[in-house]
Amino acid sequence: MSMKSEAVFDMLYIGNKLQFKIEDFSLSEINFFSYLSCLLSLYDGKMIDNWEYGFIKSSLGSPISTDLDKALNALCSNGSLCKSEGVDGYYNLLPNGEKMLELYSTLYKFSWRIPYLEASCKSLSLMPFGIVKDAISNEPVLKSANNTVNRRSLLEESNPATKSLHNQFSLLKVALEDKFSDLLIPAVVWIESLNKENSVVRI
């Protein structure tokens, strides 16, 4: 079974952060925080191809990646993850997974991703998951995809919604004077702005 090693690393890193914060994690949560991490990498000037794996819209309108699904199955098979007791669909990171994460974090192939994964997961410390999730569902690409029934790839450069996303990021950089090396502040400001837009639409 072919899979992306970057997806394995992201699964371990995000899973470790979520487990520390809320004791366990689901595949849907991993998908969500990985998607947010990818968006933050685009804000920081990376290309979508740099992320090494993509996302599509699920039937529920959420971002999902088949590569993360493959990574989850592989990590469960090699004893790095296990299913949470009594909680269907949730997982825990095991010592073997912690050792793998520690090793992978020293490799540049994966370590450059850490600032984006870190900022994404840290957003959970500043606002409830539901608020972050609602905001991201209102970002241009996912919002555009939710208006269609097709399970098309998200963040394609040819997609007009992706260009709208880049425009949002450009405006945010101007507003913040592009002076924050820590991506958490831009992430929170952007999430709050998306929620404000959503509130205006609902009114």
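**View 1. Strand β1 meets strand β5.** In this predicted model, 2 bridges join β1 to β5 (residues 90-93), and the two strands run antiparallel. Phe25 stands opposite Tyr91 of β5. Strands here are DSSP runs of E with at least two residues, helices are runs of H or I with at least four, and both are numbered from the N terminus. Two strands pair if DSSP finds at least two bridges between them. The open sheet has 3 strands in the order β1-β5-β4, with antiparallel pairing. Its edge strands, β1 (25-26) and β4 (81-83), each pair on one side only.

**View 2. A salt bridge between Arg113 and Asp10.** The closest N and O atoms of this pair are 2.7 Å apart. A salt bridge puts a side-chain nitrogen of Lys or Arg within 4 Å of a carboxyl oxygen of Asp or Glu. Arg113 sits in the loop between α5 (108-111) and α6 (114-126) and Asp10 in helix α1, so the pair ties together parts 103 residues apart in sequence. Both Arg113 and Asp10 are buried (under 20% relative accessible area; exposed is over 50%, partly exposed in between, with a 1.4 Å probe and protein chains only).

**View 3. Lys17 reaches Glu118.** Here the closest N and O atoms of the salt bridge are 3.3 Å apart. Lys17 in helix α1 and Glu118 in helix α6 are 101 residues apart. Lys17 is partly exposed, because its relative accessibility is 29%.

**Reading the views.** Residues are numbered from 1 along each chain as its sequence is written, and side-chain values use heavy atoms, leaving out hydrogens and water. As the model is predicted, local features need pLDDT of at least 70 and side-chain atom pairs count only at pLDDT 80 or more, while totals for chains, interfaces and linings use all residues.
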